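Subject: The structure we talked about

Hi there,

Here is the structure I promised to pass on, with some notes on its pockets, rings and loops. I hope they are handy when you open it in your viewer.

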Amino acid sequence: MNTVVEAAGGIVYRWRDGIEILEGGQDYSDLALENLELCVVHRPKYNDWSWPKGKLENNESHRHAAVREIGEETGLPVAISAYLGDIEYPLEDEGKAKVHRIDPRKPRKHVQYWIASIIDSEVAMNRRYAFGPINTDPNEVDNIEWMSPADARHKLTHPLDRGILDEFVRKVREGILRSKLFLLIRHGKAESRKVWGGTDADRPLTPLGSAAAFGLTREIACFGINRLVTSPWRRCIGTIQTFAWQTGLPVNLAEDLTEDAFADHPDSAWECIHHEMELTLRTGKTTAVCMHRPVIGGVFDHLRQICVRKSLAKRLPAKSPYMATGHAVVFNIIDTDEGPQIIDIQKVSPIVY
């Protein structure tokens, strides 16, 4: 029987002596790598050193498992950022320093990894209901060490873990640690215009749309959100309000993001989003914005222009519906002389069961 054990984890980083390296010109990446410390854990069951990781629970996404498992193994509240990649190996190689060819007839393990950083206690406390419980397990990890990327490379037991470190270093050289997170959310499934007797602005979510909105809270809670913006129309408020209730965050209404406002003045929606991105870069607050399908299409046209690579721009569909209802897109953005630039994109889907 073909058995794949799904797992997730991350590379958790911190700055040596608590001093964050944000500048440095052409020498930035070298300075950053010299002043980074990465979290490596020892698992007594396998007597190995690895990145913190663990198996998915029932009805759990990889990103949620990554945050939960890091918290359970290290005791640290973290938020994830850019996706690093995945590895797969025979289950019998767990904890071993060798890599064997995968036999599709035998059980194997598949692990996805993200970059993760420690969040402050207030953010962790605010997200606890949206995210769910994180219960530290003292039996899985008996030692945690913080070390430089170079030292981590020598410490790690499994060769494939070093491949994930290579991708982390590559992203650091791209400037990923200078980036801030900005999320765009499409509201959940709403009642059909044909059957709804009220105004379009008052059209509510369907039960399925409400379930997706609830499921999405567990996913976006992984990113340490601390600012919420939405179109004031009912279906958008209904989507973002669930997360607001669970975190206690206020909801900021943006009239320029309604469908009517976009139809009358399309550029106003982009000006609103651009302003929110600049605010995110200036304050460091991770922002989530909820809006409508037509508005997303118009905004995507502008977002493609500020992607640093064409391959990134291609991740933003040019045709309707642009993104599914109740889903989100996460952008890593950096500040440049030309304004905000996008250096990484990932898509987020809710699990409804």
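A residue counts as exposed when its relative accessible area is over 50%, and as buried when that area is under 20%. D17 has a relative accessible area of 71%, so D17 is exposed. Please keep in mind while reading that this is a predicted model.

D17 is worth a look for its backbone too. Its phi is near 60 degrees, which is a positive value in a residue other than glycine. You will find D17 in the loop between β1 and α1 (28-34). Y322 also has a positive phi without being glycine, here near 70 degrees. Y322 belongs to the loop between α12 and β12. P321 lies in that loop as well, between α12 (310-313) and β12 (328-336). The peptide bond that joins S320 and P321 is cis, with omega at about 15 degrees.

Is T206 buried or exposed? The relative accessible area of T206 is 12%, and because buried means under 20%, T206 is buried. This threonine is found in the loop between β8 and α7 (207-220). Leaving aside residues up to four places away in sequence, T206 touches K189, A190 and E191. From T206 to S192 the separation is 14 residues in sequence, and 8.9 Å in space from C-alpha to C-alpha.

Next, the pockets. Rolling a probe the size of a water molecule over the atoms shows where empty space is left. The largest pocket has a volume of about 690 Å³. Its lining is made up of 25 residues, and those nearest the centre are Y13, S117, I118, I119 and K180. By type, the lining of the largest pocket has twelve nonpolar, nine polar and four charged residues.

The second largest pocket holds about 320 Å³ of space. It is lined by 13 residues, with R43, K45, Y46, K55 and E140 nearest its centre. The elements that give two or more residues to this lining are β4 (53-55) and α2 (62-74). Which element gives the most to the lining of the second largest pocket? That is β4, with three residues. The lining of the second largest pocket divides into nine charged, two polar and two nonpolar residues.

Last, the aromatic rings. A pair of aromatic rings is described by the distance of the centres and the angle of the planes. The count here comes to two aromatic pairs. One of them is formed by Y13 and W15, with 6.3 Å from centre to centre and 80 degrees between the planes. Planes over 60 degrees apart count as edge-to-face, so the pair of Y13 and W15 is edge-to-face. Both Y13 and W15 are buried.

The charged end of R127 sits over the ring of F131, at 5.0 Å from the ring's centre. K155 lies over the face of W49, and its distance from the ring centre is 4.5 Å.

Happy to go through any of this with you.

Best wishes

Key. Residues numbered from 1 in each chain as written. Predicted model: local features only at pLDDT ≥ 70, side-chain atom pairs only at ≥ 80, totals over all residues. Heavy atoms only, no water. 1 Å grid on protein atoms, 1.4 Å probe; cavity = no way out; pocket = protein on both sides within 12 Å on 5 of 7 lines; lining within 4 Å. Points joined across faces, edges and corners; volume = space filled by probe spheres on them. Nonpolar A, V, L, I, M, F, W, Y, C, P; charged D, E, K, R; others polar. Helix = DSSP H or I, 4+ residues; strand = E, 2+ residues; numbered from the N terminus. Phe/Tyr/Trp six-rings, centres within 6.5 Å; stacked < 30°, edge-to-face > 60°. Buried < 20%, exposed > 50% of the residue type's maximum accessible area, 1.4 Å probe, protein only. Lys NZ or Arg CZ within 6 Å of the ring centre and 35° of its normal. Contact = heavy atoms within 4.5 Å.
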